[in-house]
Amino acid sequence: MLSATAFVADLIEAKAIQFGQFQLKSGLQSPYFMNLGNVAFGSGIDKVGYAFARRISELNFNPDILFGPAYKGIPLATTTSTNLLNFGLDVGVTFNRKEIKQHGEGGALVGADLHSKRVLIIDDVITDGASKIEAAELVRQNGGKPIGVLVALDRKEREPVSGRTYLETVEEKLGLGIYSVATIKDVLAYLELHDHLSDTLDVLQCYVTKHCVLT
């Protein structure tokens with residue numbers, strides 16, 4: 001069975017997790033960055049979909065629909081849906097357009113009808129949660145029932161005002177549980193397994209100690 005650490009290893013191999021110096025939206029200088037858009041080939045996309053599907057199964061979610069916010073959530077919802085067939089679930093996919101289509105069928109959404117359906121929102125990461133709040137509102141406006149949010153990685157960074165993690169503060173705003181396939185602890189666990197990455201581990205550990213909540 002694929003572990004969270006193995007999932008992190010796949011992301012690092014695909015350069016979806018990179019180490020260096022990166023400016024985050026929050027203003028922090030981070031020694032790592034995640035961009036799930038770098039997983040751009042079939043084999044890697046399928047691995048990501050399987051990891052999400054496995055996590056959905058572990059959490060005992062039974063969604064009718066996966067909602068993938070544009071843009072990165074679109075292929076993520078699709079590959080997760082096909083991988084959920086391995087767990088006995090045939091789940092629909094819906095995503096939003098960045099700009100509402102004014103011709104043809106029109107509308108802001110593409111895919112399965114959300115009316116009266118249990119909808120799980122899936123995406124790569126959470127920062128301030130704005131796109132997840134927008135997604136949940138779109139689901140509700142179209143008759144769906146959001147049941148939670150699943151992201152690839154929880155950075156577990158501390159929100160400066162509350163002292164809680166950003167994920168926890170967004171949970172409160174959304175009124176929904178937010179879950180992840182992996183966390184920063186799994187990134188640290190991966191680095192601990194590789195002696196040649198000890199310098200990277202030291203830098204990341206210092207960052208985590210200063211900026212993250214691991215409880």
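**Note on side-chain contacts**

1. Arginine 55 and glutamate 58 are joined through their side chains by a salt bridge, with 3.2 Å from N to O. The term denotes a side-chain nitrogen of Lys or Arg within 4 Å of a carboxyl oxygen of Asp or Glu. Both residues belong to helix α2, 3 residues apart, or about one turn of the helix. Helices (H or I, at least four residues) and strands (E, at least two) are DSSP runs, numbered from the N terminus.

2. This is a predicted model, in which local features need pLDDT of at least 70 and side-chain atom pairs count only at pLDDT 80 or more, while totals for chains, interfaces and linings use all residues. Residues are numbered from 1 along each chain as its sequence is written, and side-chain values use heavy atoms, with hydrogens and water left out.

3. Arginine 55 is partly exposed at 22% relative accessible area, and glutamate 58 is also partly exposed, at 38%. Here buried means under 20% relative accessible area, exposed over 50%, and partly exposed in between (1.4 Å probe, protein chains only). A network of salt bridges links Arg54, Arg55 and Glu58.

4. The structure contains 8 salt bridges. One of them pairs aspartate 10 with lysine 47, whose closest N and O atoms are 3.8 Å apart. Because aspartate 10 is in helix α1 (residues 4-13) and lysine 47 in helix α2 (residues 42-58), the pair ties together parts 37 residues apart in sequence. Lysine 47 is partly exposed, at 40%.

5. Glutamate 172 and arginine 164 also form a salt bridge, with 2.8 Å between the closest N and O atoms. Glutamate 172 is exposed at 57%, whereas arginine 164 is partly exposed at 32%.

6. There are 3 aromatic pairs. Rings of Phe, Tyr and Trp (its six-membered ring) pair if their centres lie within 6.5 Å; planes under 30 degrees apart count as stacked, over 60 as edge-to-face and the rest as tilted. The ring centres of phenylalanine 22 and phenylalanine 33 are 5.6 Å apart and their planes at 25 degrees, so this pair is stacked. It links strand β1 (residues 17-23), which holds phenylalanine 22, to strand β2 (residues 29-34), which holds phenylalanine 33.

7. Tyrosine 50 and phenylalanine 87 form a tilted pair, with 5.6 Å centre to centre and 40 degrees between the planes. Tyrosine 50 lies in helix α2, and phenylalanine 87 in the loop between α3 (73-84) and β4 (92-101). Tyrosine 50 is partly exposed at 29%, as is phenylalanine 87 at 27%.
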